[in-house]
Each structure stands twice: as structure tokens, then as C-alpha cells.
Amino acid sequence: MKNEKTQKKKLSINDIKNKKGIEPIIMITAYDALFAKLFDDYADIILVGDSLNMSFNMQESTISADMNTMLYHTKAVCNGAKNTFIMADMPFGSYTNEKQAIKNAMKFFKQTNTDAVKLEVGMHQVNLVKRLCEEGINVMAHIGLKPQFYKFEGGYKIKGRSEIEAKKLIEEALAFEQVGAFGILLEGTMSSVASEITKQVHVPVIGIGSGVNVDGQVLVWSDMLGFFEDFKPKFVKRYLDGADIVRKSVQSYANDVKGKNFPSEEFCY
């Protein structure tokens with residue numbers, strides 16, 4: 001009897017929340033339909049991250065990513081990953097006030113098949129997140145190290161090193177949970193602080209560079225598969241030397257063309 005592949009069930013927002021403390025959540029970024037389709041069988045959540053501005057567009061930061069760019073890539077990812085919960089980053093400058101935030105978040109929900117949006121937020125934006133949730137928009141609050149703030153902070157600073165900073169992060173996580181955020185993304189935070197936040201909130205905490213004692217992990221696909229080589233953060237584990245494999249494959253193709261070994265009779269009509 002032929003073994004048929006069982007189609008994966010797409011997780012709902014409640015499925016994601018119910019994984020808290022039960023089963024680790026697997027999140028990975030994707031920026032196009034091709035890779036999204038490859039990740040579809042394995043990821044619980046695919047994040048269309050504004051990190052694409054660096055790894056895909058070779059910009060120095062995420063800051064210059066705009067709404068048109070993020071909508072374009074979110075549509076592509078939704079086309080490729082039919083069975084995965086999709087979340088899109090709200091780009092820098094797209095949620096400076098409640099009216100603008102609602103308008104731009106609605107664009108993701110109306111123009112793409114995304115299931116949620118993620119915002120890099122602080123305590124002053126608690127009411128903004130509350131308003132988005134009141135409008136029926138699933139929001140993940142991104143706290144800790146926030147790449148959109150790297151110029152303001154003079155670089156990428158690990159968070160939670162001091163008692164004051166740790167207390168602030170815990171208060172932020174609790175506040176965003178209270179107003180309806182379905183999860184917390186915690187980046188670049190001391191492991192002990194990340195562990196404490198995960199214990200105190202009742203929504204899933206997804207970590208990146210925040211240790212193992214959280215509810216799930218996310219990595220940028222081009223980092224974990226070795227395609228982005230400009231720098232490698234300490235927290236990234238490379239599961240593939242992607243760039244090297246591609247170079248060698250393209251070199252083989254180029255050699256075949258130069259030597260007139262391709263196309264051989266096998267590849268001709």
C-alpha cells in the first residue's frame with residue numbers, strides 16, 4: 001500500500017497560545033514563496049521579517065524597509081506556505097500613532113493572507129497594541145533588543161543585564177499580555193531574564209538570542225542556512241553552508257558551459 005503524506009494542519013491563534021508550556025514553538029523567517037514552501041512542513045509560524053532588508057536587500061539595517069516591501073513579500077510567503085501560521089513585521093515608521101498603526105495593520109490583513117503582525121514596542125505603546133487587538137488584529141509584541149531602534153541606541157545592545165532593565169522587560173511583557181497580545185517575541189535578552197518573563201506571562205514567549213527557557217525559537221533563515229555571510233550573531237547556529245554550496249554548484253554550471261559539456265544530448269530535444 002502506498003504511503004501518502006499526511007497534510008499538516010495549519011495552527012490557529014488558539015493553537016499557538018495553547019502550546020505555552022506544552023510544546024516548543026518553531027518559527028523561522030521567509031521572504032518569498034519558494035523558501036516558504038520548503039519550510040511549510042516544519043514551521044509552526046513563518047515570520048515575514050523586516051530582516052529581509054538586510055539579508056535579502058543587503059541594506060545596513062531594517063530601518064529602510066517600507067510597507068510596500070513588506071506587503072509584497074508577505075503576499076509571496078502566503079502563496080508558498082499554505083499550512084503555516086504567517087506573521088508579518090510592521091516596518092519602522094508604520095505605527096507611530098494608533099490611527100496609522102490600525103490603517104497599516106489592516107493592509108496586511110486585507111491585502112495578504114497573514115494571520116498576525118509583529119511590532120517592536122515599548123511601554124508607551126501599550127495602548128496602541130490594545131487598540132489593534134480591539135480591531136481584531138492578532139499582535140505579537142517584540143521587546144528586548146529591537147533592531148528598529150539600533151540607531152537610537154547606538155548599536156545592538158543585549159538587554160536585561162541590570163536589575164532595573166530586567167524589571168522593565170518583565171513589566172512590558174505583562175502589560176502587553178494584559179492588553180491582548182497573543183505572544184511576546186524576546187530578542188537579545190539575558191537568558192535568566194527571558195526565563196523569568198516566560199514564567200510570569202501566560203502567553204507564549206518566542207526567543208531569539210534569549211536562551212532555551214522560553215516557549216519557542218525563531219531564526220532568520222539566511223543566517224541558519226549559511227546564506228548571509230556579512231556577519232554571524234553569537235546566537236545563530238548554522239545548519240548548512242548554503243552560500244558555499246551555491247557557489248560550488250554555480251561554478252560547476254559555469255565550467256560545463258565553458259567546456260561545452262552542457263547541454264549534453266541528455267538535455268537536448
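Aspartate 89 belongs to strand S3, residues 85–89; here helices (H or I, at least four residues) and strands (E, at least two) are DSSP runs, numbered from the N terminus. The model is predicted: local features need pLDDT of at least 70 and side-chain atom pairs count only at pLDDT 80 or more, whereas totals for chains, interfaces and linings use all residues. Residues are numbered from 1 along each chain as its sequence is written, and side-chain values use heavy atoms, with hydrogens and water left out.

With a relative accessibility of 3%, aspartate 89 counts as buried (buried is under 20% relative accessible area, exposed over 50%, partly exposed in between, with a 1.4 Å probe and protein chains only). Neighbours within four places in sequence aside, aspartate 89 is in contact with Leu47, Val48, Gly49, Asp50, Met70, Phe108 and Lys118, where contact means heavy atoms within 4.5 Å. Lysine 118, in strand S4, is likewise buried at 3% relative accessibility. The side chains of lysine 118 and aspartate 89 make a polar contact at 2.6 Å. Such a contact is a pair of N or O atoms within 3.5 Å; within protein, one must be able to donate a hydrogen and the other to accept it, and residues adjacent in sequence count only if both atoms are side-chain atoms.

## Annotated binding sites

An unreviewed UniProt entry carries the annotation "binding site" for Asp50, Asp89 and Glu120. These residues span 71 residues in sequence, yet no two of their C-alpha atoms are more than 11.0 Å apart, so they gather at one spot. Asp50, Asp89 and Glu120 are included in the lining of the largest pocket. UniProt positions follow the numbering used here, feature names are shortened, and annotations may be inferred rather than shown by experiment. On a 1 Å grid over the protein atoms alone, a pocket is an open set of points with protein on both sides within 12 Å along at least five of seven lines, and lining residues have an atom within 4 Å of a point.

A "binding site" annotation from the unreviewed UniProt entry also covers Asp50, Ser51, Asp89 and Lys118. Although this set is spread over 69 residues of sequence, its largest C-alpha distance is 12.5 Å. Aspartate 50 lies in the loop between strand S2 (45–48) and helix H3 (52–55) and is buried, at 4% relative accessible area. Serine 51 occupies the loop between S2 and H3 and is buried at 16%; its contacts beyond four places in sequence are Thr29, Tyr31, Thr62 and Val220.

## Threonine 114

Threonine 114 is placed in the loop between helix H5 (98–111) and strand S4 (116–120), and is buried at 6% relative accessibility. Its side chain reaches the backbone oxygen of isoleucine 86 at 3.1 Å.

## Aromatic pairs

The structure holds 11 aromatic pairs. Rings of Phe, Tyr and Trp (its six-membered ring) pair if their centres lie within 6.5 Å; planes under 30 degrees apart count as stacked, over 60 as edge-to-face and the rest as tilted. Tyrosine 253 and phenylalanine 262 have ring centres 6.1 Å apart and planes at 70°, so this pair is edge-to-face. Phenylalanine 262 also forms a tilted pair with phenylalanine 267, at 5.6 Å centre to centre and 55° between the planes. Phenylalanine 262 is partly exposed at 36% relative accessibility, and phenylalanine 267 is partly exposed at 48%. One aromatic cluster is formed by Phe35, Phe39, Trp221 and Phe227.

Methods: On a 1 Å grid over the protein atoms alone, a cavity is a set of points where a 1.4 Å probe fits but cannot get out, and a pocket is an open set with protein on both sides within 12 Å along at least five of seven lines; lining residues have an atom within 4 Å of a point.
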